[in-house]
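This report goes through the salt bridges and the nonpolar core of one structure. The sequence and model come next.

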Amino acid sequence: MIRSFFFLFLLAFAYTTKACINEKKALLSGEHVIGYGREDVPTGRSFGDTQYLTAQLYELDKLWKTKKNIDDYSDYGVYLIYLGRYQDAKAVFYEIENMYPSRYATAANIGTIYELLGNNDSALYWIKEAVRIDPSSHMGSEWLHVKILEAKIKGDEAINSHFLLGTDFGNDVKPHANMSQVELEKLRDALYFQLNERVSFIKPEDKIVGLLLFELGNITALTDDVTAALRNYDKAVEYGFVNDVLKKRYEHF
């Protein structure tokens, strides 16, 4: 989604270890271990209050007008998004696109703005364009952003794990997968990254976010521990996702 001079800061959020903090964990096998905690539940980012954002906007405007560095103007557009001024931000990024075509950040930000405005068809076009420009962006997870937009366009029949993720984790009391550990960890990281961005802008309730949080819980049970799974299940319920499989796994764990 949004790319700005905070990008390295965003990367630090993605599955970082909380140094020196150990907690008791329960593995899917039932074994209890002591291990490092990790940022396992997407909680989103705090952009600061209106006063702070407005001050940053003012400084970026001055930088752009004096130095004419396009990155400053792009960040100016980002802060307009943070302030909820989506139409103003869209105008900025279209101006940047006209001056410097085919910049990844421009395409990604225009796509995000359209999604926030509820225009999912245009959002899908621009996010696909961003992926074309830089397939490795956002740790290679933007394929999931594309699938989310496609599901939003198709409607409820596409809001399922097979459409969004190409797999599911069964209906038994314990999740199971036909994927390698490496594949599961890659999917876990993509889910976490995309959800951490998404919950920054999309508040409960939301069908797609709730479902993906549930599946992130299932993957963390398989790759990490059920303690992390429970925290993601809680977040899924907060976003309105409740079904019999979640209930029985929650009770079992």
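## A bridge between Asp88 and Arg85

The side chains of aspartate 88 and arginine 85 form a salt bridge, 3.1 Å from N to O. A salt bridge here is a side-chain nitrogen of Lys or Arg within 4 Å of a carboxyl oxygen of Asp or Glu. Aspartate 88 is partly exposed at 38% relative accessibility, and arginine 85 is partly exposed at 37%. Buried means under 20% relative accessible area, exposed over 50%, and partly exposed in between (1.4 Å probe, protein chains only).

The model is predicted: local features need pLDDT of at least 70, side-chain atom pairs count only at pLDDT 80 or more, and totals for chains, interfaces and linings use all residues. Residues are numbered from 1 along each chain as its sequence is written, and side-chain values use heavy atoms, leaving out hydrogens and water.

## Other salt bridges

The count comes to 15 salt bridges. One of them joins aspartate 40 and arginine 231 at 2.8 Å, N to O. This pair links distant parts of the chain, 191 residues apart. Aspartate 40 is buried at 4% relative accessibility, whereas arginine 231 is partly exposed at 28%.

Lysine 207 and aspartate 156 also meet in a salt bridge, at 3.2 Å, N to O. Both residues are exposed.

## The nonpolar core

The largest nonpolar core has 63 residues, of which Leu164, Leu191 and Leu212 touch the most other members. Such a core is a set of buried Ala, Val, Leu, Ile, Met, Phe, Trp, Tyr and Cys residues joined through side-chain atoms within 4.5 Å.

Conventions
Helices (H or I, at least four residues) and strands (E, at least two) are DSSP runs, numbered from the N terminus.
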